[in-house]
Amino acid sequence: MKKIVTIKDIAKELGVSPSTVSRALRDHPYISDETKRKVKELANKLQYKPNIIARSLQMKRTHLIGVIVPEIEHRFFSAAISGIEEVAYREGFAIIVTKSNEDYRREEININVLVETRVAGLLISISETTRDRKPFEMLIKSGIPFVFFDRVIDDVSVPKVAVDDFEAAYKAVEYLIKSGYKRICHLAGPKFLSISKKRAEGYREAMRAYNISVDDKMVVYGGMHETDGASGFITLINNVPDLDAIFAVNDPVAIGAIMEAKKLGYRIPGDIAFVGFSNNPISAMIEPALTTVDQPAYNLGKTAAEVLIRMINEGTYRAESKVITLKTHLIIRDTT
């Protein structure tokens with residue numbers, strides 16, 4: 001069996017104390033650059049890996065970060081998790097990923113389990129059915145730092161990392177209007193989910209800004225998956241048979257609607273144009289390729305992890321309502 005390399009092994013070979021090695025690996029300012037270089041070179045050569053459990057016992061806290069996402073089936077959340085993992089690894093943390101399957105009850109169970117595991121903090125993207133703020137208020141009262149990312153609850157005073165969903169939706173619909181489309185409908189997400197509310201508001205505001213009326217039939221609320229797009233398209237085409245474009249709450253919903261439209265013989269974009277939201281890799285692979293809003297999933301996860309780890313390391317567990325907004329841009333492809 002291969003021997004596990006410890007800090008003591010590195011210290012013995014270099015003729016320094018274990019505490020010096022520990023500080024050098026953490027880039028402590030009191031350690032010289034030359035010592036840091038020697039320690040890190042030897043650590044890499046010996047394939048040293050930090051013992052997270054030992055460090056947790058010593059510091060009376062774990063070096064684990066709990067991550068709660070609605071799902072990982074689609075590329076968006078898996079990319080966000082990759083961004084989280086990169087930062088966590090760099091800073092000496094490990095992550096535990098759980099998913100709610102869009103069910104707030106499961107989300108609450110995940111929160112409780114992760115708290116019992118004594119995670120150092122949490123990164124949370126809420127489910128589409130989440131209404132109750134109590135689990136999050138409990139975290140604040142317990143002094144457990146957490147950060148919302150992508151899907152947030154606006155009136156819970158913790159840091160949030162997201163994109164400007166309203167502005168991104170507005171610009172996507174404005175592009176459709178300027179391209180000559182007039183009967184633009186919206187396949188919206190759940191009514192109470194923050195991102196779907198803001199994207200619906202952006203859609204309505206763009207239509208209003210260009211004096212295009214919107215009635216209730218032109219907006220269909222649903223879930224966030226392909227099946228929701230397919231069923232939503234049927235509802236729209238029955239209620240608004242002369243529609244000429246659809247802005248969808250996300251790419252899976254747009255793709256579900258496109259598949260249904262093609263089954264029914266509609267030409268895209270000849271009869272109906274489509275715009276999605278997220279820039280999932282599959283959006284460039286379908287035929288025709290989907291025009292979509294590029295949402296930086298990897299950077300969302302990375303930024304959220306950086307904010308959380310800073311809170312953990314600085315001990316700033318006090319609830320703050322700081323919002324970090326990342327940029328989006330519209331990627332124009334064949335569906336428009």
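Visitor: What makes the crossing of α1 and α3 right-handed?

Guide: The crossing of α1 and α3 is right-handed. Helices here are DSSP runs (H or I, at least four residues), numbered from the N terminus. This is a predicted model, where local features need pLDDT of at least 70 and side-chain atom pairs count only at pLDDT 80 or more, while totals for chains, interfaces and linings use all residues. Residues are numbered from 1 along each chain as its sequence is written, and side-chain values use heavy atoms, leaving out hydrogens and water.

Visitor: Why are α1 and α3 called oblique to each other?

Guide: Helix α1 (residues 7–14) and helix α3 (residues 33–45) pack at about 120°. Under 35 degrees is roughly parallel, over 145 roughly antiparallel, 65 to 115 roughly perpendicular, and the rest oblique. Therefore α1 and α3 are oblique.

Visitor: Which residues of α1 meet α3?

Guide: Ile10, Glu13 and Leu14 meet Lys38, Val39, Leu42 and Ala43 in α3. Contact means heavy atoms within 4.5 Å. By class, this contact has five nonpolar, no polar and two charged residues.

Visitor: What makes a set of residues a nonpolar core?

Guide: Its members are buried Ala, Val, Leu, Ile, Met, Phe, Trp, Tyr and Cys residues, joined through side-chain atoms within 4.5 Å. Buried means under 20% relative accessible area. The largest such core has 63 residues. Phe274 is among those with the most contacts inside it. Phe274 touches, among others, Phe233, Ile246 and Leu290. Apart from that core lies another, of 28 residues, including Phe76 and Leu300.

Definitions and conventions: Axes are lines fitted to C-alpha atoms, for helices over the stretch in contact, and angles run from 0 to 180 degrees between N-to-C directions. Helices (H or I, at least four residues) and strands (E, at least two) are DSSP runs, numbered from the N terminus. A crossing is left-handed if the near helix is turned anticlockwise from the far one by less than a right angle, and right-handed if clockwise. Ala, Val, Leu, Ile, Met, Phe, Trp, Tyr, Cys and Pro count as nonpolar, Asp, Glu, Lys and Arg as charged, and the others, Gly among them, as polar. Buried means under 20% relative accessible area, exposed over 50%, partly exposed in between (1.4 Å probe, protein chains only). Lists of a residue's contacts leave out its neighbours within four places in sequence.
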